[in-house]
Amino acid sequence: MKQMCSYLRLSLTDRCSFNCFYCGAGRRKDFLAPEDYLSPDELARLASLFVDEGIRHIRLTGGEPLLRPEVTEIAGRLSAIKGLNLLSMTTNGFLLADFLARHPKSGIRRFNISLDTLDRNRFRSCTGVDGLDRVLAGIEAAASCGITDVRLNVLLIRGFNEDEIEKFVSFGRKKNLTVRFIEYFPTQERRQAYTSLYVASEDVRDVIERSFGPLAPSACDKTSGPAQYGRLQDGGRVGFISSVTRFFCHECNRLRLTADGKLFPCLHAEHFLDVKTLLRQGAIDDVKTGVLRMAEGKSRYNKTVCSRFFEMSSIGG
Ligand code: SAM
Ligand code: SF4
C-alpha cells in the first residue's frame, strides 16, 4: 500500500449494550439487519486481501464488538492470517470477563477498554446500565489471562468527568495499564450543543503534572492511531488523543470498514467503497484496486474539508 494505511478498524456490529449519552448507539432506530452483515467467511477473505495490500493491524470495534455472536470465530480466523502483526479490540468491557473466561486465547492481543468514570452512579447515568463492576471485572480478567497490553480510553466531557483525571491516573498506575484521555468530538445532533464540551489535552496534562510531576516524552505507537504519550515519574504511561485541538489528519494511517462492508478512508469522508457488493460479485481485483486507490487518495480527506454526518457507533469511534 503506497501511503501509510497499515491499520484497519473493523466494525463487527452497529449495536451496543450501552447507550452512552454522547454516542447514542442505543437511541438509533435504523440498525443493520442480519443479512446486511459481512459473514465470518467474508470477513476472513477481506481481511486477507487487506493484509496483502499492506494492512498490519486490525482492530475489532463496533457498536460493541463482543455482542457479535460470531466474534470468537472471527477473532480466531483473523488472528491466524499470515502477515497480520496485531489483532486488537476496542470494547466497553461489559462482556469482557465472560468472553475471556470462555476464550482466553482468542487471538486478540491488545484490548482498549472504554471507561469514562470510576463512580458507579455516574457510570449508570452515562451508559444507562449499572455495569461498572462488570467492566472492572473485565479489566481484571484481561490481566489474569496474561494480556499485557490493556489501554483504558477515557472520554472527557466538561461538567461530567473532568474531576476524575487524577483518579484515573492513579487507577492506571495501580493496575499497570495505560490510561488515554480523549477529547470529545461532537457528532450528529450533538454538534451544536456539545461543541465546547471537550477538555483540551493540554489542560489534562497540566492537571496530571500538578499532581504527579512533569511528564517525560514517550514514543508514539506507530501501529496505532494518533495518541501522544507521556511517561510518569514512576515509569507509568498516560496518553492523549486530541481529536479537537491537534490536527493529525496528515499522519492518519487508518481505513475503516463498517459491519455491512462499506470501506471509508476517514470518519469525515462522504465517499465509501462498497466492498461487500464487490466481494459478493466475485470482483476481487476491483476490491484490491479500490482499497489501494482509497489508501492513496486518503490525503484528500480531513475534518476541515469534509462534513459527513456520522455516529461513532456505526463506524467504530
Ligand atoms: N463500544 C465500544 C467502546 O465503547 O469501546 C466500541 C465503539 S465506541 C464508538 C469506540 C470509542 O469511541 C469509545 O472509546 C468511545 O468513548 C469513543 N467515542 C464515542 N463517541 C465519541 C465522540 N463523540 N468523540 C470522541 N470519542 C468518542
Ligand atoms: Fe456503546 Fe461504545 Fe457508543 Fe458507549 S461509546 S454507546 S459503549 S458504542
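## About the model

This is a predicted model, where local features need pLDDT of at least 70, side-chain atom pairs count only at pLDDT 80 or more, and totals for chains, interfaces and linings use all residues. Residues are numbered from 1 along each chain as its sequence is written, and side-chain values use heavy atoms, leaving out hydrogens and water.

## The whole chain

Welcome to a protein chain with 11 helices and 12 strands, which are DSSP runs numbered from the N terminus (helices: H or I, at least four residues; strands: E, at least two). Of its 317 residues, 55% are buried, meaning under 20% relative accessible area with a 1.4 Å probe.

Among contacts with a separation of 6 or more, 72% join residues 24 or more positions apart; a contact means heavy atoms within 4.5 Å.

## Helix α1 beside α2

Let's start with α1 (residues 40–52) and α2 (residues 71–79), which pack at an angle of about 25° with their axes 10 Å apart. That makes α1 roughly parallel to α2, a label for angles under 35 degrees. Axes here are lines fitted to C-alpha atoms over the stretch in contact, and angles run from 0 to 180 degrees between N-to-C directions.

In this pairing, P40, D41, L43, A44 and A47 of α1 meet E73, I74, R77 and L78 of α2.

## Helix α1 beside α10

Helix α10 covers residues 284–296, and its axis comes within 10 Å of that of α1, crossing at roughly 50°.

Note on methods
Chains are lettered from A and ligands numbered from 1 in the order in which they are written. Angles under 35 degrees count as roughly parallel, over 145 as roughly antiparallel, 65 to 115 as roughly perpendicular and the rest as oblique. Buried means under 20% relative accessible area, exposed over 50%, partly exposed in between (1.4 Å probe, protein chains only).
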